[in-house]
Amino acid sequence: MDQEKIAHEVRLLALEYCVALAISKLQFIAIASGATEAQLTEAEQNGIEMFNSTTLPGNHDPVMGDHFMAEFRDAVMSILSSAREMRQSSGYNPA
């Protein structure tokens with residue numbers, strides 16, 4: 001892997017980390033405002049279901065469009081999972 005590719009991968013990882021951290025903070029706020037863990041999980045699942053049923057607009061290969069949306073869904077799920085782990089590992093317990 002060349003230096004430029006490494007730099008791009010590191011920047012992408014840093015962005016994913018920052019997005020996950022921001023989501024975890026928003027989840028803290030939601031819980032502090034009365035949301036339950038089940039409600040957060042349901043909201044995540046609703047978003048994932050939306051990605052499962054969304055197709056890309058325009059002229060493109062339908063197979064590639066489905067592949068793109070599956071990759072996008074997996075990337076979002078990974079960020080949401082990281083956010084949940086950050087929040088839960090912080091020791092915050094609203095109960």
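In this predicted model, Glu37, Leu40, Glu44, Ile48, Phe51 and Asn52 of helix H2 touch Met69, Phe72, Arg73, Val76, Met77, Leu80, Arg84, Arg87 and Gln88 of helix H3, where contact means heavy atoms within 4.5 Å. Sorted by class, that contact has eight nonpolar, two polar and five charged residues; Ala, Val, Leu, Ile, Met, Phe, Trp, Tyr, Cys and Pro count as nonpolar, Asp, Glu, Lys and Arg as charged, and the others, Gly among them, as polar.

A bit of bookkeeping: numbering starts from 1 along each chain as its sequence is written, and side-chain values use heavy atoms, leaving out hydrogens and water. Local features need pLDDT of at least 70 and side-chain atom pairs count only at pLDDT 80 or more, while totals for chains, interfaces and linings use all residues.

**How the helices pack**
- H2 covers residues 37-52 and H3 covers residues 62-89; helices here are DSSP runs (H or I, at least four residues), numbered from the N terminus.
- The two pack at about 165°, with axes 9 Å apart; axes are lines fitted to C-alpha atoms over the stretch in contact, and angles run from 0 to 180 degrees between N-to-C directions.
- H2 and H3 are therefore roughly antiparallel (angles over 145 degrees count as such).
- Their crossing is right-handed, meaning the near helix is turned clockwise from the far one by less than a right angle.

- Ile48 sits in H2 and counts as buried because its relative accessibility is 8% (buried is under 20% relative accessible area, exposed over 50%, partly exposed in between, with a 1.4 Å probe and protein chains only).
- Leaving aside residues up to four places away in sequence, Ile48 touches Arg73, Val76 and Met77.
- The C-alpha atoms of Ile48 and Arg73 are 6.4 Å apart, though the two are 25 residues apart along the chain.

**Salt bridges**
- There are three salt bridges in the structure, each a side-chain nitrogen of Lys or Arg within 4 Å of a carboxyl oxygen of Asp or Glu.
- Glu37 pairs with Arg87, with closest N and O atoms 2.9 Å apart. Glu37 is in H2 and Arg87 in H3, so this pair ties together parts 50 residues apart in sequence.
- Glu37 is partly exposed at 31% relative accessibility, whereas Arg87 is buried at 3%.
- Glu44 pairs with Arg84 at 2.3 Å between the closest N and O atoms. With Glu44 in H2 and Arg84 in H3, the pair links parts 40 residues apart in sequence.
- Glu44 is buried at 10% relative accessibility, and Arg84 is partly exposed at 23%.
- Asp74 bridges to Arg73, with closest N and O atoms 3.0 Å apart; Asp74 is partly exposed at 38%.

How values were computed:
Angles under 35 degrees count as roughly parallel, over 145 as roughly antiparallel, 65 to 115 as roughly perpendicular and the rest as oblique.
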